[in-house]
Amino acid sequence: MGKSLNGKELGKGLSQRKDGLYQARFVNRFGVRQTIYAPKLNEVRKKLREEQYRDEKEINVVDTKITLDEWYTTWMTTCKCNCRDSTKRTYETYYNRIKADLGWRKLSTLNLITIQNAFNKLSTDAARKDSKRVLVDMLDKAVDSDLLIKNVAKQVNTVVSKEEPKERRVLTIPETELFLKQADGTFYYNMYVLALETGMRIGELCGLMWSDIDFSKNVLYVKHNLCYFSKNGKYVFEMHDTKTKSGVRTIPLTQKAVKVLNSQKLQKQKIVSKGKTAESEYCDLVFVTKNNKPTQQFIVQECMELIIKNIQINHPEFERFTPHTFRHSFATRAIENGMQPKTLSKILGHKTLQMTMDRYCHVTDDTLFSEMKKMESSLP
């Protein structure tokens, strides 16, 4: 039993400090001793009852002082410790967008309005969607760790700008022919053709090894991709396995694909014959720079930009595009030529058929006209 300064019995867990402040103590469900203060005895008793009720109903948290920044560090080092460095870098980018507004706040003080205001400041709905995905996972783990009662981030609205989603750029057949004609003879021509013939991602093409290709069976095995990202303040290359099991796949090679691969083999031999040596882990790469170093999307994109500018001299309407456009163009040609969607999904390395149909199956203007002609010819 605690006592007041004048020696009066106050009750279990209650006492009065020398400065006159009353305090109440109890051990909560986490095994942590909680201390509550108030200037008046009735006040401290009321606060004690409230905290004990919260503890009994399990609506209290183990630590009310931890900030979102502190929890982000724990979340990354504990919950995401097995993620790739490139993935961690992506999480960091998404979190940093809301860090200034929310990072200093205590987890226990986060509410929907505070979080929504921070998200409203982001420039696009896409940025809001990415940052919400990270924050929701962070707070889910905080709930599981008894640091939060509920995850309010799940209610955040990411559709603020209501911007119209941009239609993915897909090369029409004439545009593809025009680009390849202009690109013929350039350093990465073989890569462009292989991308259009296989639908491989740029990272998969950059990480393609000669040992991944079986010319006797005319097949290519996608097993990994080459990543280029900042690590400890320095940009590095790292060979990563595909993100999912479905990403590991076998792609049959067309005659055109076999032809450019043989052409690329000769090009690689010329580079090596000039004395350009490669690091042992990258000596088997199919596509490299002129110095026999690993290549990456930025370099390939720069070379494509020059080709596109040359095309625009006579065709100013020709729109620029990224290496990922080759993948969308491959998928669109495949569907136009009657490939079964499930087969296409397997070639692209998707988890679900829905992903293939939603993201990669586009309808070009050429297809609209050709399909309407089919309709017209079938009518009596």
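This is a predicted model: local features need pLDDT of at least 70, side-chain atom pairs count only at pLDDT 80 or more; totals for chains, interfaces and linings use all residues.
Local features require pLDDT of at least 70 and side-chain atom pairs pLDDT 80 or more, whereas totals for chains, interfaces and linings use all residues. Residues are numbered from 1 along each chain as its sequence is written, and side-chain values use heavy atoms, with hydrogens and water left out.

The protein contains 14 helices and 10 strands, taken as DSSP runs numbered from the N terminus (helices: H or I, at least four residues; strands: E, at least two). Of its 380 residues, 43% are buried; buried denotes under 20% relative accessible area, exposed over 50%, and partly exposed in between (1.4 Å probe, protein chains only).

The count of salt bridges is 13, each defined by a side-chain nitrogen of Lys or Arg within 4 Å of a carboxyl oxygen of Asp or Glu. Asp130 is buried at 18% relative accessible area, while Arg133 is partly exposed at 48%. In the salt bridge between Arg169 and Glu175, the closest N and O atoms are 3.0 Å apart; Arg169 is buried at 17%, and Glu175 is buried at 18%. Arg201 and Glu204 are joined at 2.7 Å, N to O, with Arg201 partly exposed at 27% and Glu204 buried at 4%. A network of salt bridges links Lys80, Asp137 and Lys141.

Lys290 is located in the loop between α9 (255–273) and α10 (297–314) and is exposed, with a relative accessible area of 60%. Together with Lys270, Lys274 and Lys276, Lys290 forms a positive surface patch, for which residues must have over 30% relative accessible area and no salt bridge, like charges being joined within 9 Å and nonpolar side chains (Val, Leu, Ile, Met, Phe, Trp, Tyr) within 5 Å.

How values were computed. Accessible areas come from the Shrake-Rupley method with a 1.4 Å probe; for residues, only the protein chains shown count as cover. Lys and Arg count as positive and Asp and Glu as negative; His and the chain ends are not counted. The place of a charge is taken as NZ of Lys, CZ of Arg, CG of Asp or CD of Glu.
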